[in-house]
Amino acid sequence: MSLRAVVFDLDGTLVNSLADLGESMNEVLADLALPQHPLDAYRRFVGDGIRMLVWRALPADARTDADVAHSVARLRDVYGARWDRKTRPYEEVDDTLNRLVALDLRLGVLSNKPHALTVGVVARFFRPETFT
């Protein structure tokens with residue numbers, strides 16, 4: 001069996017989006033007059049989707065279903081308006097992708113980000129012919 005395609009995760013694999021995610025969540029927390037976190041703390045908060053990120057970032061006494069839902073909606077708005085301020089592809093990603101394309105492999109992205117935002121990130125940082 002030969003390899004015909006490679007599918008990549010987006011955040012934390014192709015692009016480093018931690019600062020934009022963390023700063024966006026900190027803005028949500030500040031708007032709610034809740035304590036913010038150092039950006040490095042977000043390494044422990046991300047990886048399981050936006051709802052889990054919000055749940056982990058909120059203080060324990062602010063994790064009601066209503067608080068989480070409100071914060072998720074607010075984070076979608078804040079992050080949606082600023083997702084590309086600091087997000088950048090990891091070094092060597094372009095070279096790696098070019099080598100895989102040269103091997104005639106099909107490349108794809110699978111992310112738990114909303115589809116439109118995933119498409120936007122890919123379009124902003126990668127050549128259109130890279131992913132099929």
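Helices (H or I, at least four residues) and strands (E, at least two) are DSSP runs, numbered from the N terminus. On that basis the protein has 6 helices and 4 strands. Read from the N terminus, its elements follow the order β-β-α-α-α-α-β-α-β-α.

This is a predicted model, in which local features need pLDDT of at least 70, side-chain atom pairs count only at pLDDT 80 or more, and totals for chains, interfaces and linings use all residues. Residues are numbered from 1 along each chain as its sequence is written, and side-chain values use heavy atoms, with hydrogens and water left out.

Begin with the whole. The C-alpha atoms fill a box of roughly 50 × 30 × 25 Å, taken along the principal axes. Of the 132 residues, 38% count as buried. Here buried means under 20% relative accessible area, exposed means over 50%, and partly exposed lies in between (1.4 Å probe, protein chains only). Contact means heavy atoms within 4.5 Å. Among contacts with a separation of 6 or more, 69% come from residues 24 or more positions apart.

Now take the strands. β1 covers residues 5-8. Its covered face holds Val6 and Phe8. Its uncovered face holds Ala5 and Val7. The partner strand is β4, residues 106-109. The two run parallel, joined by 4 bridges. Two strands pair if DSSP finds at least two bridges between them. Alanine 5 has arginine 106 of β4 as its bridge partner.

Next comes α5, residues 93-102. Val93, Leu97 and Leu100 are buried in this helix. Seen down the axis, the buried residues fall within an arc of 60°, so they line one face of α5. The arc is that of the directions from the helix axis to the C-beta atoms. Why can residues spaced along a helix share a side? An α-helix has 3.6 residues a turn, so residues three or four places apart point the same way. β1 and β4 are included in what covers the buried residues of α5. The face turned away from the buried side carries Arg99 and Ala102, which are exposed.

Glutamate 92 sits in the loop between β3 and α5. Its phi is near 80°, a positive value in a residue other than glycine. Glutamate 92 counts as partly exposed, at 47% relative accessibility. Aspartate 104 lies in the loop between α5 and β4. Aspartate 104 also is not a glycine, and has a positive phi of about 65°. Two packed helices are described by the angle between their axes and the distance between the axes. For α3 (residues 50-57) and α4 (residues 65-82), the angle is about 115° and the axes are 9 Å apart. Axes are lines fitted to C-alpha atoms, for helices over the stretch in contact, and angles run from 0 to 180 degrees between N-to-C directions. Which residues of α3 meet α4? They are Ile50, Arg51, Leu53, Val54 and Trp55. On the α4 side stand Asp65, Val68, Ser71, Val72, Leu75 and Arg76. The residues of this contact divide into 7 nonpolar, 1 polar and 3 charged. Ala, Val, Leu, Ile, Met, Phe, Trp, Tyr, Cys and Pro count as nonpolar, Asp, Glu, Lys and Arg as charged, and the others, Gly among them, as polar.

Helix α3 has its own buried residues: Leu53, Val54 and Ala57. They cover an arc of only 95° around the axis, which puts them on the same side of α3. These buried residues pack against α1 (18-31), α2 (42-45) and α4.

Finish with two single residues. Tryptophan 83 is in the loop between α4 and β3 (88-89). Is tryptophan 83 buried or exposed? Tryptophan 83 counts as buried, at 13% relative accessibility. Leaving aside neighbours within four places in sequence, tryptophan 83 is in contact with Asp20, Leu117, Gly120, Val121, Arg124 and Phe125. Threonine 118 belongs to helix α6, residues 115-125. Threonine 118 is buried, with a relative accessible area of 8%. Not counting residues up to four places away in sequence, threonine 118 touches Leu10, Val109, Ser111 and Lys113.
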